[in-house]
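Here is a short report on one protein model.

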Amino acid sequence: MDNGITINLNNYRAINNGKVSRVFIGRDIGKYVRVSSQIDRMESLYDVIKIIIPKDVYSITPSFLEEFLVNIIRKLGMKRFFEKVKFISESGYQYESSLFETAERILSGKSQFIL
């Protein structure tokens with residue numbers, strides 16, 4: 001395994017009429033980012049995954065996070081997931097409660113996934 005890799009969510013933002021989205025919401029976008037970033041494959045290749053939240057993002061919903069992170073949370077479990085995956089918010093966006101809620105919902109089986 002290599003040391004680490006960075007996934008910058010800025011690379012996966014929607015653009016509509018020239019405006020760049022400042023939110024990451026919904027299962028469909030979560031699945032798009034999961035597949036496009038190849039995070040499931042990256043998890044097995046790297047010791048650390050850093051996920052950058054761009055400075056002007058103001059919302060990341062649990063439904064997005066669930067679909068984006070479902071496979072690695074299921075594989076790693078809560079403790080190992082939080083040891084391996086590090087979120088970096090460029091603006092101090094408070095993502096922690098949504099992320100913790102996401103992990104709990106996935107591990108408790110209370111979620112529906114697009115997979």
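## Buried residues and helix packing

V70 is buried, with a relative accessible area of 0% (buried means under 20%, exposed over 50%, partly exposed in between, using a 1.4 Å probe and protein chains only). V70 lies in helix α3. Helices (H or I, at least four residues) and strands (E, at least two) are DSSP runs, numbered from the N terminus. The C-alpha atoms of V70 and R34 are separated by 9.0 Å, while the two residues are 36 apart along the chain.

The model is predicted: local features need pLDDT of at least 70, side-chain atom pairs count only at pLDDT 80 or more, and totals for chains, interfaces and linings use all residues. Residues are numbered from 1 along each chain as its sequence is written, and side-chain values use heavy atoms, with hydrogens and water left out.

| Residue | Helix | Relative accessible area |
|---|---|---|
| T102 | α4 | 0% |
| E43 | α2 | 3% |

Contact means heavy atoms within 4.5 Å. Leaving aside neighbours within four places in sequence, T102 is in contact with P62, L65, E66 and I73. A polar atom of the T102 side chain lies 2.7 Å from the backbone oxygen of S98. E43 touches I49, I72, K75, L76 and K84, again not counting residues up to four places away in sequence.

How are α3 and α4 packed? Their angle is about 75°, and their axes are 8 Å apart. Axes are lines fitted to C-alpha atoms, for helices over the stretch in contact, and angles run from 0 to 180 degrees between N-to-C directions. The two helices are therefore roughly perpendicular to each other (65 to 115 degrees; under 35 is roughly parallel, over 145 roughly antiparallel, the rest oblique). On the α3 side, the contact includes V70, L69 and P62; on the α4 side, it includes T102, S98 and L99.

Now the core. A nonpolar core is a set of buried Ala, Val, Leu, Ile, Met, Phe, Trp, Tyr and Cys residues joined through side-chain atoms within 4.5 Å. The largest one has 29 residues, and those with the most contacts inside it are L9, I51, I60, L69, F81 and F87. Elements that each supply at least two of its residues are α2 (39-45), β5 (46-53), α3 (62-84), β7 (85-89) and α4. Helix α3 gives the largest share, nine residues. L69 touches I39, I51, F81, F87, L99 and I106, not counting residues up to four places away in sequence.

Methods. Polar contact = N/O pair within 3.5 Å; in protein donor to acceptor, adjacent residues only side chain to side chain.
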